[in-house]
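Take a look at the model below.

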Amino acid sequence: MSEQVCRECHRIINGQTCPICGSSNLSADWSGMVIIIDPERSEIAKKIDVRVPDKYALKVR
């Protein structure tokens with residue numbers, strides 16, 4: 001199974017449900033990726049409103 005992205009929080013996942021927000025509204029059509037390691041100190045994480053370290057898509061269609 002290919003990686004999909006949660007349309008609610010933009011987290012890149014492999015399952016059928018997002019473990020962060022619980023949404024099953026997923027998309028396989030996405031582009032760009034950012035990996036957030038330390039959301040407390042990351043300026044990028046603050047700009048995209050991320051609080052959990054993981055992989056996130058920048059654009060979800």
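Start with C6, which is buried at a relative accessible area of 0%. Buried means under 20% relative accessible area, exposed means over 50%, and partly exposed lies in between (1.4 Å probe, protein chains only). C9 is partly exposed, with 23% relative accessibility.

This is a predicted model: local features need pLDDT of at least 70, side-chain atom pairs count only at pLDDT 80 or more, and totals for chains, interfaces and linings use all residues. Residues are numbered from 1 along each chain as its sequence is written, and side-chain values use heavy atoms, without hydrogens and water.

A disulfide is a covalent bond between the sulfur atoms of two cysteines. Here the term needs a pair of cysteine sulfur atoms within 2.5 Å. How many disulfides does a search of the whole structure find? The search finds 0. For C6, the nearest cysteine sulfur belongs to C21, 3.4 Å away. For C9, the nearest cysteine sulfur is that of C18, at 3.5 Å.

Now the strands. Strands are DSSP runs of E, at least two residues long; helices are runs of H or I, at least four; both are numbered from the N terminus. Two strands pair if DSSP finds at least two bridges between them. Here 3 strands form an open sheet, ordered β2-β1-β3, with antiparallel pairing. The edge strands, β2 (12–13) and β3 (26–27), each pair on one side only. Strand β1 (residues 4–6) pairs with β3 over 2 bridges, in the antiparallel sense. Which residue of β3 is the bridge partner of V5? That partner is S27.
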